[in-house]
Amino acid sequence: MLLKILAEGQTESKFIMNILEPYLSEIGYMVSPIIIGTSRRQRGGLSHYNQFKTNIFNLCGSSDCLITTMIDFYQLPSDFPGFKDAQSVLNHADKVKLIEERLNEEINIRPPNYFIPYIQLHEFEALLFSDIDIIDDVLKFDCCSDIRKLKSIMDKYHEPENINTDEGPSVKLKKLTHDNYQKTLHGIRIAERIQLDVMRDNCHHFNNWLEKMEKFADRYC
């Protein structure tokens with residue numbers, strides 16, 4: 001079955017094709033990442049909910065297709081369904097689950113199109129913190145790194161998806177490298193060296209997304 005993944009930017013699109021596609025194709029999907037359109041000529045970035053909704057419905061067609069998303073909780077537009085209600089929820093993972101549930105209700109896609117919303121806690125770089133030794137190895141070769149600082153981050157947050165939006169994982173990597181960290185370059189290099197299973201073991205919300213796609217594949221692919 002065709003799997004269309006609406007991605008927030010180029011980094012997410014590369015991650016989908018370089019890391020997720022080999023596995024997803026094994027379980028029966030033909031993977032197609034699509035970067036969010038901001039205008040007829042520009043792609044990448046998310047500024048309001050109607051932009052997101054329009055992009056989702058533009059992916060619907062007449063053939064069987066699963067549509068999912070890979071967008072950041074970091075700077076998620078406040079007009080998203082469930083966003084205001086989620087502010088009273090203390091746990092970040094529960095906040096995101098609530099918004100995903102409301103999205104599923106609001107979008108209400110029908111067969112032959114299917115929809116599984118996914119919001120990344122809190123941004124793509126969280127997945128990289130699944131293995132700080134690989135972060136250190138890649139960054140110290142290309143710019144600079146400090147394994148002690150990386151360890152202190154994980155000691156503070158315990159799990160990669162807990163690194164919150166006050167100073168998200170990408171900000172921490174930029175500070176670590178004196179602003180030399182580049183998402184599409186270093187981020188993808190690091191991700192390519194980390195085993196997908198390691199990411200799944202350390203990032204539970206991310207793993208839950210893949211499990212949903214696995215269950216769907218068991219039924220429809």
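**Exercise 1.** Determine how helix H6 (residues 147-157) and helix H7 (residues 169-176) are arranged relative to each other.

Solution. Step 1: the two helices pack at an angle of about 155°, and their axes are 11 Å apart. Helices here are DSSP runs of H or I with at least four residues, strands are runs of E with at least two, and both are numbered from the N terminus. Axes are lines fitted to C-alpha atoms, for helices over the stretch in contact, with angles from 0 to 180 degrees between N-to-C directions.

Step 1: H6 and H7 are therefore roughly antiparallel (under 35 degrees is roughly parallel, over 145 roughly antiparallel, 65 to 115 roughly perpendicular, the rest oblique).

Step 2: Lys149, Leu150, Ile153 and Tyr157 of H6 and Lys172, Leu173 and Leu176 of H7 make the contact (heavy atoms within 4.5 Å).

Step 3: by class, this contact of H6 with H7 has five nonpolar, no polar and two charged residues (Ala, Val, Leu, Ile, Met, Phe, Trp, Tyr, Cys and Pro count as nonpolar; Asp, Glu, Lys and Arg as charged; the others, Gly among them, as polar).

The model is predicted: local features need pLDDT of at least 70, side-chain atom pairs count only at pLDDT 80 or more, and totals for chains, interfaces and linings use all residues. Residues are numbered from 1 along each chain as its sequence is written, and side-chain values use heavy atoms, leaving out hydrogens and water.

**Exercise 2.** Characterise the packing of H1 and H10.

Solution. Step 1: the axes of H1 and H10 lie 12 Å apart at an angle of about 45°, which makes H1 oblique to H10.

Step 1: from H1, Phe15, Leu20, Tyr23 and Leu24 meet Phe206, Trp209, Leu210, Met213 and Glu214 of H10. The residues of this contact divide into eight nonpolar, no polar and one charged.

Step 2: Phe15, Phe206 and Trp209 also belong to one aromatic cluster, together with Tyr118 and Phe124.

How values were computed. Rings of Phe, Tyr and Trp (its six-membered ring) pair if their centres lie within 6.5 Å; planes under 30 degrees apart count as stacked, over 60 as edge-to-face and the rest as tilted.
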